[in-house]
Amino acid sequence: MNKLKGENLKKVYSRNVVAIENVDIEIEKREIVVIFGPSGSGKTTLLNLLGLLDKPTEGNVILDDMVLNNIDEKKAGEIRNRKFGFIFQFFYLIPELTVVENIILPLWIKEKRAKLKQFYKNAEELLKSFDLIKKKDFYPTQLSGGENQRVAICRSLICEQEIIFADEPTGSIDKFSSEIFFRTIKKLNEEKGTTFVIATHNENFLQISSKVVYLKEGKIEKRS
Ligand SMILES: Nc1ncnc2c1ncn2[C@@H]1O[C@H](COP(=O)(O)OP(=O)(O)O)[C@@H](O)[C@H]1O
Ligand SMILES: [Mg+2]
């Protein structure tokens, strides 16, 4: 991808709740774009529209030169699988799988051939960098909230997708893990050209961002 664009986006939920309105946003390859704003300002809504997890009530989402509004769920799924990675606010780890198994799951699904040895090696590298290697055979219920979030971060990074969407990724991790996360983002961005779109109210992200869109009550208040 070279450019992902939201044009005049509006999302109205049931009971006429207008979550976002008049939102224009451009994400270019290799950028770290931060969507910044207080709770309820529309960050998750905007991220979900850009990540093709939801459809706008008005406006367009455009990837390179493709307008994606009218694509069906199958096509949206294909684009997400090929290009997008997600770090959700809630982790959605699978309780029956261990930490390392949760992390390799997306690779397992994506790669048709199971190169298990390589998958484990990649997962273990990530676990090391997030200081979790000792817990690789634990189950999610045996970990703290912060540890689970770090596992979810590892899982989202393993496929090395072109663009990673993160929703409050440091919401439940401590300062130490946040620092590791910032360094990892920077490293992936510089070495692999990974693009990031991060919804957050954590001001520390502003330092590593290439562009910030400030949301207030569903509208863009300012940009920097
Ligand atoms: N699924 C939904 N149904 C109805 N209203 C929603 C839904 N999701 C979000 N909203 C409303 O949209 C607004 C923006 O929410 P959200 O995008 O989650 O903001 P943020 O992520 O910045 O906290 C809020 O007023 C919220 O109540
Ligand atoms: Mg949110």
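In this predicted model, a polar backbone atom of serine 41 lies 3.2 Å from an oxygen atom of ligand 1. Side chains also make polar contacts with the ligand: a polar side-chain atom of lysine 43 is 2.9 Å from a ligand oxygen, and one of threonine 44 is 2.8 Å from a ligand oxygen. On its own, ligand 1 has 560 Å² of accessible area, of which the protein covers 59%.

**Shell around ligand 1**

**Salt bridges between separate elements**

- The count of salt bridges comes to 16.
- Lysine 3 pairs with glutamate 26, with the closest N and O atoms 3.3 Å apart.
- Because lysine 3 lies in strand 1 (residues 3-13) and glutamate 26 in strand 2, this pair ties together parts 23 residues apart in sequence.
- Lysine 3 is partly exposed at 29% relative accessibility, and glutamate 26 is partly exposed at 31%.
- Glutamate 124 forms a salt bridge with lysine 136, the closest N and O atoms being 3.7 Å apart.
- Glutamate 124 belongs to helix 4 (residues 116-129) and lysine 136 to the loop between helix 4 and helix 5 (145-157), so the pair links parts 12 residues apart in sequence.

- Glutamate 125 and lysine 128 form a salt bridge and lie three residues apart in helix 4, about one turn of the helix.
- Glutamate 125 is partly exposed at 48% relative accessible area, whereas lysine 128 is exposed at 51%.
- Lys10, Glu21 and Lys219 are joined into one network by salt bridges that share partners.

Technical notes: Residues are numbered from 1 along each chain as its sequence is written. Chains are lettered from A and ligands numbered from 1 in the order in which they are written. This is a predicted model: local features need pLDDT of at least 70, side-chain atom pairs count only at pLDDT 80 or more; totals for chains, interfaces and linings use all residues. Side-chain values use heavy atoms; hydrogens and water are left out. A polar contact is a pair of N or O atoms within 3.5 Å; within protein, one must be able to donate a hydrogen and the other to accept it, and residues adjacent in sequence count only if both atoms are side-chain atoms. Accessible areas come from the Shrake-Rupley method with a 1.4 Å probe; for residues, only the protein chains shown count as cover. A salt bridge is a side-chain nitrogen of Lys or Arg within 4 Å of a carboxyl oxygen of Asp or Glu. Helices (H or I, at least four residues) and strands (E, at least two) are DSSP runs, numbered from the N terminus. Buried means under 20% relative accessible area, exposed over 50%, partly exposed in between (1.4 Å probe, protein chains only).
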